[in-house]
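Me: I'd like to learn how to read a model like this one. Could you take me through it feature by feature?

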Amino acid sequence: MSDPRSDRFVRSHLKTRHLVLLVELGRHRSILHAAQAANLTQPAASKLLGEIEHALNVQLFERLPRGVVPTWYGEVMIRRAGTALAEMDAAHQEVMELVSGLSGRVSIGTVLTPSAGLVTDAVKLLKHRTAKVQVSITVDTSKILVERMRAGEFDLVIGRLLDSNVAAEFNFEPLTDEPHSLIAAADHPFVGRQELQLAELAREPWVLPPAGSILRDRLTSMFLSQGLEPPTEVVETLAMPVVVNLLPGSRMIAAMPEETVRPYLDAGLLAVLPWDLGLRMDMYGIVTRKRHRLSPGAEAMLVALRDAAQARYRR
């Protein structure tokens, strides 16, 4: 049975402009900038925020000299407001799709490896089946993608659920893990070496994912566990076009699944160095929100992802 107090709050106090303001406050951490983004005056934004705090009888934001910071209560309201607005956007999209035939838009977040194979396979399959569906693809780390999905920014994510505190909010369909190899230019001096040492690798320039990513942490641990300092000559990026253009003609090294650079390996532009990383990333999979009904376009994308995964990983 629903709490009548909660029902009164939603029906009597909460309006769409309150939700919009909460989301913008979460993004900008400034009443002035949030008001501008929500097309409100600053006094109007302050009044709306005061109304929500009065109705809940809690402080949602700490007022600082240069902006605002959400309290724990504020974090909850920002996240739920983003989800509520995303649900209304999805409802509008679903109605429009039903009116005009299956079309609409689906937004996907993906980690790097499936972006280069699985996702492109699935998009081709989707476009063959339902050409009108527009697809938006964002590549980032799992942590960022899942947080943005909690805020309602993605229909589907292909990544990992790393935070046990939020895992209960999602469905997870495992796909595969990621064995990593060391990739370098085909003419790198280490290609073909029989007895390569980790200390030699540590002195080379590397292309690495940003600090805080799982792969970066595990590579750092690999060096430290052998009493070595991690590489200091580093370029940080997740952008695959940047990586594959940095490696040829340089001594740079990158750790990545061979699947992501298979065309470059087959063309003789890149090569696998003779060093067994012994590194397999955690299983990634298809992440969807529980108790959330996908739009017809997003549902078609989910089916295409499952079919593409069946063909690619489970032959």
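**Reading the model**

Reply: Helices (H or I, at least four residues) and strands (E, at least two) are DSSP runs, numbered from the N terminus. This is a predicted model, where local features need pLDDT of at least 70 and side-chain atom pairs count only at pLDDT 80 or more, while totals for chains, interfaces and linings use all residues. Residues are numbered from 1 along each chain as its sequence is written, and side-chain values use heavy atoms, with hydrogens and water left out.

Me: Is Pro296 buried, exposed or partly exposed?

Reply: The general idea is relative accessible area: buried means under 20%, exposed over 50%, and partly exposed in between (1.4 Å probe, protein chains only). Pro296 comes out at 24%, so it counts as partly exposed. Leu32, in helix 3 (residues 31-37), is also partly exposed, because its value is 36%.

Me: What about the chain as a whole?

Reply: For contacts, look for heavy atoms within 4.5 Å. Of the contacts in the chain with a separation of 6 or more, 73% are between residues 24 or more positions apart. The chain has 13 helices and 12 strands, and buried residues make up 44% of its 315 residues. Its C-alpha atoms fill a box of roughly 75 × 50 × 35 Å, taken along the principal axes.

Me: Why does the length of helix 7 agree with what it should span?

Reply: The expected span of a helix is 1.5 Å times one less than its number of residues. Helix 7 (residues 118-129) has 12 residues and so should span 16 Å; its end C-alpha atoms are 17 Å apart, which agrees.

Me: And which residues of helix 7 are buried?

Reply: Those are Leu118, Val119, Ala122, Val123 and Leu126.

Me: How should I read a pocket?

Reply: On a 1 Å grid over the protein atoms alone, a pocket is an open set of points where a 1.4 Å probe fits, with protein on both sides within 12 Å along at least five of seven lines; lining residues have an atom within 4 Å of a point. Volume is the space filled by probe spheres set on the points, which are joined across faces, edges and corners. Here, the largest pocket holds about 880 Å³. Its lining has 32 residues, with Gly82, Arg148, Ala151, Gly152 and Glu153 nearest the centre. Helix 5 gives the most to that lining, 11 residues.

Me: What volume does the second largest pocket have?

Reply: About 520 Å³. The second largest pocket is lined by 30 residues, and Thr141, Pro209, Ser213, Leu215 and Leu238 lie nearest its centre.
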